[in-house]
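Please open the model in your viewer and keep the selection panel at hand. The tour goes from one selection to the next and says what is to be found at each stop.

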There are 2 protein chains.
Amino acid sequence: MLYLVGLGLGDAKDITVKGLEAVRQCHRVYLEAYTSILTVGKEALEEFYGKELILADRETVEQEADNILKDADVSDVAFLVVGDPFGATTHSDLVLRAVKLGIPYKVIHNASIMNAVGCCGLQLYSFGETVSIVFWTDTWKPESFFDKIEKNRQNGMHTLCLLDIKVKEQSLENLMKGRKIYEPPRYMSVNQAAEQLLAIIQNRRLQGQESAITENTICVGLARVGAPDQKIASGTLEQMCTVELGGPLHSLIVTGTLHPLELEMLQLFPVAGSSFEQPACQRTT
Amino acid sequence: MLYLVGLGLGDAKDITVKGLEAVRQCHRVYLEAYTSILTVGKEALEEFYGKELILADRETVEQEADNILKDADVSDVAFLVVGDPFGATTHSDLVLRAVKLGIPYKVIHNASIMNAVGCCGLQLYSFGETVSIVFWTDTWKPESFFDKIEKNRQNGMHTLCLLDIKVKEQSLENLMKGRKIYEPPRYMSVNQAAEQLLAIIQNRRLQGQESAITENTICVGLARVGAPDQKIASGTLEQMCTVELGGPLHSLIVTGTLHPLELEMLQLFPVAGSSFEQPACQRTT
């Protein structure tokens, strides 16, 4: 049996009782480690589970999937994923491969960022398409995510923006020379995401286009959702450039039309110094 | 402290380790029992938690919220919600009330239908706005959910349809006479939801409108997601009228544009007798 086990978003104790039982009975336990991170490290998980974990980076999962599935038809193997196994990144490739090999599988669900963002008080059924905001480089500054956010907002919908993670990335030079030397991991902050969005708004303004998203659009920055030191801050997009949320992982929500109850919830988490009492659109610069 | 604890979607063991610890240390534990159900009953939960549970129906939560929060500033109270506390129905009203009373709160997240539907292989970030399909009556047949599904589909997005639940509903007669006699609980099935959608398509066709959703649109029916006897079936909307998925809770997905990997996953769960080898649009009737 292949168990796909969601770990939730906080620490070792966010695993479900069912998930913990599965992990403890498995012969091999892999920890998927390239799409997200838990605030506790591999060692804390190993100690709590009483199991040794095998770190599975992108290469392992994509190139050595057969090793992960080896003997899973006769023994139990667990594949642990931060959040839910079918959350922000789906692991359907592993499922399909297992099915082709005749290996049964079981999914043990957990919270993912896709539903846990509800903790800020915005209603999940008022979210449109989720977008990913990627790190810009000097030569590559895609804007497609902005168009999706704008479309959601025009339809009154909120947008959850998942922020880029670069783990085990090679520099262009090392990649070209085939050297397996990796850059330090990078996690996009709410500040960086907001700056990229503001740059797009500026670019378009220079071209005579006024966007549905402005400096004053109400946004929510979230950091380490589910962890004891989780932070939520609501304020304008401009305020998101300087809000201090601490370490990764961060997510950003660009709001659409706000229901009074949603607005009341967001007021529990104001950016330091901000006030929702005046609608943001009355702000004068 | 007020703990809002998500129970996940299956049985007693789908609670997180952190959630279980919170429940066991609380003086009073409420079980929210009107927006969803677990496949196991209250008794099974009580036995596993080693705690007596107080059933909180809609009236209790809306009218007696102060009783729930009583003394929560000096002792620990838990409010258990099937799925995630901020899932399909948010409990932000309870949070706001607690904050006003100076009671600290903690959220312990879990899987909700909003992210667990990913188990069918459709990618969560390709979902548009979630809709609720309500039971039609002889005199009330709203179609607003259809417009939203259609809009999502036109944008290439999938739609998760949450199906109506009627728990502790009074008949019009009993309501008018002030008699607290309740109808037996009713849970909308995928069959019923599909029939309502087909009726709307027919209505519009009679009015000369061709919808973006037809009898042949690929849909996914899901029942008891997360439970050991979970069922998933993919097929045309027409097939959803007769697919047999067993007891509640059911959900229906109307697909948008399918990625090849999504299609491959859906093929793991074909409606009996259906085949995805021919695109549904080639079907001849």
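A polar contact is a pair of N or O atoms within 3.5 Å, where, within protein, one must be able to donate a hydrogen and the other to accept it, and where residues adjacent in sequence count only if both atoms are side-chain atoms. By this rule, two residue pairs are in polar contact across the interface of domain 1 of chain A and domain 2 of chain A, both at pLDDT 80 or more.

Before selecting anything, note that this is a predicted model, in which local features need pLDDT of at least 70 and side-chain atom pairs count only at pLDDT 80 or more, while totals for chains, interfaces and linings use all residues. Residues are numbered from 1 along each chain as its sequence is written, chains are lettered from A and ligands numbered from 1 in the order in which they are written, and side-chain values use heavy atoms, with hydrogens and water left out.

**Stop 1: the domains of chain A**

Select residues 2-111 of chain A for domain 1 and residues 114-267 for domain 2, bounds that come from an automatic or database domain assignment. The C-alpha centres of these two domains of chain A lie 27 Å apart, and their contact (heavy atoms within 4.5 Å) takes 14 residues from domain 1 and 16 residues from domain 2. Together the two domains of chain A bury about 1,000 Å², 61% of it on carbon and sulfur atoms; buried area is the accessible area (1.4 Å probe) that two parts lose on being put together, summed over both.

Now pick out Leu9(A), Ile37(A) and Glu59(A), which lose the most area in domain 1 to domain 2 of chain A, together 38% of what that side buries. Glu59(A) also meets Lys180(A), side chain to side chain, in a salt bridge (3.3 Å, N to O), a term for a side-chain nitrogen of Lys or Arg within 4 Å of a carboxyl oxygen of Asp or Glu. The count between the two domains of chain A is one salt bridge.

**Stop 2: chain A against chain B**

Show both chains, whose contact takes 47 residues from chain B and 47 residues from chain A. The area buried between chain B and chain A is about 4,100 Å², and carbon and sulfur atoms give 61% of that. Eight salt bridges are found across this interface of chain B and chain A; one to select is that between the side chains of Asp14(A) and Lys18(B) (3.1 Å, N to O). Chain B and chain A also have 20 residue pairs in polar contact, both at pLDDT 80 or more.
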